[in-house]
Amino acid sequence: TFRLVRPFCDAVLLGAQEIKGFARPVTVHRLVRLKSAGTSEQFGHAVLAAYRGRSEELRQLKRALQDASSGHGNAVGICGSPGLGKSRLCFELAERCRERHIPVLEARASPYDYSGPLQPLLEFLRSFFRIQPHDGKETARARIIAGLEAIGSASSDDVAALMDILGVADAASAA
């Protein structure tokens, strides 16, 4: 089981344990936390085959990017059965954006996390504010304030709302 979920969680090896129902000791891990949903980094060290068969979809994404660059923002949804190449399609577009020095923020839902339909939004906000899983609340709060100041939107209401949504509000501001 651990081999299957290793990319999606952090765990500590507890060693071989006697488990009822098993003839021999079983290697046991303790779950520490679920990792945030994967990004295109999943392809970072892979040797990728030539990308074929999705030229129309990639063309549509490039057109949406061009429209956004011209001030006509939009949202694009990509859906399909597992294994059809949705992640690879997104990776290819993200790489083209990075080549043009266009910032890429990624968020996706994980099938192993049950935080609901807002999970991709939370991942996006954490990515935007550069909040890492190991960051403490003070660090996260400072990054939220700095991020909002950078875009000229550091009103106290915005700061308080984002800190609350991201679970880093202090007790005084949460009351």
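Helices here are DSSP runs of H or I with at least four residues, strands are runs of E with at least two, and both are numbered from the N terminus. The model is predicted: local features need pLDDT of at least 70, side-chain atom pairs count only at pLDDT 80 or more, and totals for chains, interfaces and linings use all residues. Residues are numbered from 1 along each chain as its sequence is written, and side-chain values use heavy atoms, with hydrogens and water left out.

Start with α4. Arg 126 and Glu 123 are both in this helix, three residues apart, so about one helical turn separates them. Their side chains meet in a salt bridge, at 3.4 Å from N to O. The term salt bridge means a side-chain nitrogen of Lys or Arg within 4 Å of a carboxyl oxygen of Asp or Glu. Arg 126 is partly exposed, at 28% relative accessible area, whereas Glu 123 is buried, at 12%.

Another sits in α2, which covers residues 55-69. There Arg 59 and Glu 56 are three residues apart, about one turn of the helix. The distance from N to O is 2.5 Å. Arg 59 is partly exposed, with a relative accessibility of 41%. Glu 56 is partly exposed too, with 35%.

Helix α5 spans 137-150. Arg 141 and Glu 138 lie three residues apart in α5, so about one helical turn separates them. Their side chains form a salt bridge with an N to O distance of 2.2 Å. Is Arg 141 buried or exposed? Arg 141 is buried, at 11% relative accessible area. Glu 138 is exposed, at 56%. Which residues touch Arg 141, once neighbours within four places in sequence are left aside? Met 163, Val 168, Ala 169 and Asp 170 are in contact with Arg 141. Contact means heavy atoms within 4.5 Å.

Now move to α3, residues 86-99. The helix has 14 residues. From first C-alpha to last, α3 reaches 20 Å, close to the 20 Å expected at 1.5 Å a residue. The expected span is 1.5 Å times one less than the number of residues. The buried residues of α3 are Arg 88, Leu 89, Phe 91, Glu 92, Leu 93, Ala 94 and Cys 97. Their cover includes α2. Charged side chains also pair up here: Arg 88, Glu 92 and Arg 96 are linked in a network of salt bridges. Arg 88 and Glu 92 are among the buried residues of the helix.

Cysteines deserve a look next. Cys 97 is buried, with a relative accessible area of 8%. Cys 90 is partly exposed, with 33%. A disulfide is a covalent bond between the sulfur atoms of two cysteines. The test used here is a pair of cysteine sulfur atoms within 2.5 Å. Searching the whole structure finds zero disulfides.

Follow the chain out of α3. Just after this helix, His 101 takes a positive phi of about 60°, although His 101 is not a glycine. His 101 lies in the loop between α3 and α4 (119-128). The residue is exposed, with a relative accessible area of 71%. Where does Arg 130 lie? Arg 130 is in the loop between α4 and α5. Its phi is also positive, near 60°, in a residue other than glycine. Arg 130 is exposed, at 62% relative accessible area.

End at the surface. Leu 105, Leu 118, Leu 121 and Phe 124 form a nonpolar patch there, with about 350 Å² of accessible area together. Patches take residues with over 30% relative accessible area and no salt bridge; like charges are joined within 9 Å, and nonpolar side chains (Val, Leu, Ile, Met, Phe, Trp, Tyr) within 5 Å. Accessible areas come from the Shrake-Rupley method with a 1.4 Å probe, and for residues only the protein chains shown count as cover. Leu 118 is exposed, with a relative accessible area of 52%.

Notes: Buried < 20%, exposed > 50% of the residue type's maximum accessible area, 1.4 Å probe, protein only.
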